[in-house]
Amino acid sequence: MDTRIVLAAIVGAACAAAGAGVVTVLRAETVATPAQRESAAAPQPVAADGLQQLELDALVEELRRLREELASRREAVGNGEPAPASDSLQAQLTELRALVERRAALAPAPELDLSSKGPRRAELFVRSTDPEPEVDDSEKLAKRYCLWSPQRVLDEFGMPDRVSTNDGAMRWIYSENDDALATVLDFAAGYLVNVWVADD
């Protein structure tokens, strides 16, 4: 007999046996119920020795304690109470708050440029000729110039004729014709907050 024929017969028999094995495995997988497949796929619990059990118990206890502490903090926050803070943290927060409050006082006030001649100074003395205007002159001026910085006011209107302070606010008074017409500008926190006319 030819050697090649013998080898072909052996290889064919091996392939047939392997195919039969695969068919058997697939048939067994198809016949198995879903519960059997699930139990086969689920990892089997490993029996813990004495040391592992002690570590597991300690971990469970720590987790329980942390959950109780978290629940108490949530309850405190839900009731509007501040969360408890350590003494050192509270002291640091108090010190930080004091530094922030003093910062404005420690910062130097910016120097103002007083060189402008005030090209728009005449606008401060324009008054309405209507005997009963819908909007009075003070309101018109306030809407037009409110929230200007002191430097912008100086650039546009020049130096005021008088300066005074009242309860921490700064007041500039612009006068024309021997105080016959006057416009008062009140500043607070670095901005123009109110403009009003003071006609004598």
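Biologist: Which residues lie nearest the centre of the largest pocket?
Modeller: This is a predicted model, where local features need pLDDT of at least 70, side-chain atom pairs count only at pLDDT 80 or more, and totals for chains, interfaces and linings use all residues. Residues are numbered from 1 along each chain as its sequence is written, and side-chain values use heavy atoms, without hydrogens and water. A pocket is an open set of points on a 1 Å grid over the protein atoms alone where a 1.4 Å probe fits, with protein on both sides within 12 Å along at least five of seven lines; lining residues have an atom within 4 Å of a point. Of the 14 lining residues, those nearest the centre are P150, M170, A189, G190 and Y191.

Biologist: Which elements give two or more residues to the lining of the largest pocket?
Modeller: Helices (H or I, at least four residues) and strands (E, at least two) are DSSP runs, numbered from the N terminus. By that count, the elements are α6 (150-157), β2 and β3.

Biologist: How many bridges join β3 to β4?
Modeller: Two strands pair if DSSP finds at least two bridges between them. β3 also pairs with β2, antiparallel, over 7 bridges, with A182 of β3 as the partner of S175. β4 (residues 191-197) runs antiparallel to β3, and D186 has N194 in β4 as its bridge partner. The number joining β3 to β4 is 6.

Biologist: Which residue takes a positive phi in the hairpin of β1 and β2?
Modeller: β1 (residues 162-166) and β2 (residues 169-176) run antiparallel and share 5 bridges, and V163 is partnered by W172. The hairpin leaves 2 residues between the strands, and the one with a positive phi, near 55°, is D167.
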